[in-house]
Amino acid sequence: MTQPWAPGSTNIDLGGKVIVVTGGSRGMGISMVHGIVAAGGRVAIIARDADRLGGIQTAAAEAGSDIRTFAGDIADPEDVKRVFADIQSVYGRIDGLVNNAGITKVGPSIDYDIADLQRILAVNVAGLFACSQAAAALMTEGGAIVNTASLSSFIGQPERAAYVASKTAVLGITRALAVEWGPLGIRVNAIAPGYIETDLTRDLLERGVISRELIEGRTPLRRFGQPDDVVGAVLFLLSPLSAFVTGATLSIDGGWLANGYIR
Ligand SMILES: NC(=O)c1ccc[n+]([C@@H]2O[C@H](COP(=O)([O-])OP(=O)(O)OC[C@H]3O[C@@H](n4cnc5c(N)ncnc54)[C@H](O)[C@@H]3O)[C@@H](O)[C@H]2O)c1
C-alpha cells in the first residue's frame, strides 16, 4: 500500500457506505479496500484465503480501520449465499459491490483443458453474476456495482481464449444489469485495467510468458500499472460523483488500447 490513499487524502466521500470487495485480499483488491476506507467507506472483503484474511482482519482492528473479512469461494453459489447472509447480519444493507476477484490460466488452445475454461468462467462470470445478485438484493437504498473487466475484454490474445471470453462476458453483464437495474437505482459500471503489477502478472513475468520490456514499450505511458492506479476510478464509480454514469467501462491501461501505432 503506497501513500496516495492514506486517510483524508481523497476528496471523494463515501460517507459510511458499505462496500463489498471480492478478491480484496491482495493485488488490486487490497488497494481498492484501502482506498475505500480512506474515502470514508466501510468494507467487507470476500476472498478464498482464510489465513491471509485473518491477517488483514487483525491489522485492520489494530489500525481502527472499518474492514471485515469473509472467507468464501465466489464460484460456489452456496458459499455466495452464506457469505452475503453473514454480511447482511453485520451491516444490514450494502451500498456498493466491487466484483474484483478473477483468475486466469494461459495455455495453447489446441489442448487447453476444458475444466480450466469452466473454472475461469465459473469465477470470472458466474461468480461475478452471483455476487451481483446477492448484493443487489441488499441494496435497499440503491447502490453501485463496479465490475473488473480487462484490456482482454476488447482484444484477442493468444493462449488466453478462456480469459478473453470471460472478460468479454463481463462487459455484456455490465451493460445488461445496468439496463435492468437502473430503474432500481443501482448503477453498474466496469473498469478495464491493462497490465497491472500483481501476483497474477508477476507469475507470468517470472515464467517468461510476458515481457516487461515489450509491454512497457507498447504502452504510451511507458510503464506497468500499479495496483493503486485503479483506485481513483473505482472510488469515482462508487461515489455520487458518477451519479448519472451506468453501463460504462473505463480503461485504465496507460493508453494501450488507444495505441494502434508501430514504427
Ligand atoms: N493484473 C492485471 O494485469 C489485470 C489486468 C486486467 C484485469 N485484471 C483483473 O483484475 C482482478 C484482480 O486481479 P489481480 O491481478 O489483483 O489478481 P490477484 O491474483 O493478485 O488477486 C485475485 C484475488 O481474487 C481472489 N479470488 C480468486 N478466485 C476467487 C474465488 N473463486 N473466490 C473468491 N475470491 C477469489 C483471490 O483470493 C485474490 O484476492 C481480476 O479480475 C483480474 O482478472 C488483472
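Guide: One term before we start: a residue counts as buried when its relative accessible area is under 20%. Also, this is a predicted model.

Visitor: What about the rings of Tyr-195 and Trp-256?
Guide: Their centres are 5.2 Å apart and their planes are at 55°, so this pair is tilted. Trp-256 lies in the segment after strand S7, so the pair ties together parts 61 residues apart in sequence.

Visitor: Which residues end up in the cluster?
Guide: Tyr-195, Phe-224 and Trp-256, linked by ring pairs.

Visitor: What sits over the ring of Trp-256?
Guide: The charged end of Arg-218, 4.1 Å from the ring centre. Phe-224 has Arg-212 over its face, at 5.0 Å from the ring centre.

Visitor: New topic. What order do the strands of the sheet come in?
Guide: S3-S2-S1-S4-S5-S6-S7. That makes seven strands in an open sheet, with parallel pairing.

Visitor: Which are the edge strands?
Guide: S3 and S7, since each pairs on one side only. Neighbouring strands are turned by 20° against each other on average, direction ignored.

Visitor: How many bridges join S2 to S3?
Guide: Five. In one of them, Val-43 partners Ile-67 of S3.

Visitor: Which strands does H4 touch?
Guide: H4 packs on the sheet and touches S1, S4, S5 and S6. Its direction makes about 175° with that of S4. Helix H8 lies across S1, S4, S5, S6 and S7, at about 170° to S6.

Visitor: Last one: how many residues of H1 are buried?
Guide: Nine of the twelve, so H1 is largely enclosed by the rest of the structure. Among them are Met-28, Ile-30 and Val-33.

Visitor: And what span should H1 have?
Guide: At 1.5 Å a residue, its twelve residues should span 16 Å. The end C-alpha atoms are 17 Å apart, which agrees. After H1 comes Gly-40, with a positive phi near 90°.

Methods
Residues numbered from 1 in each chain as written. Predicted model: local features only at pLDDT ≥ 70, side-chain atom pairs only at ≥ 80, totals over all residues. Heavy atoms only, no water. Helix = DSSP H or I, 4+ residues; strand = E, 2+ residues; numbered from the N terminus. Expected span 1.5 Å × (residues − 1). Buried < 20%, exposed > 50% of the residue type's maximum accessible area, 1.4 Å probe, protein only. Phe/Tyr/Trp six-rings, centres within 6.5 Å; stacked < 30°, edge-to-face > 60°. Lys NZ or Arg CZ within 6 Å of the ring centre and 35° of its normal. Pairing = 2+ DSSP bridges. Axes fitted to C-alpha atoms, helices over the stretch in contact; angles between N-to-C directions. Contact = heavy atoms within 4.5 Å.
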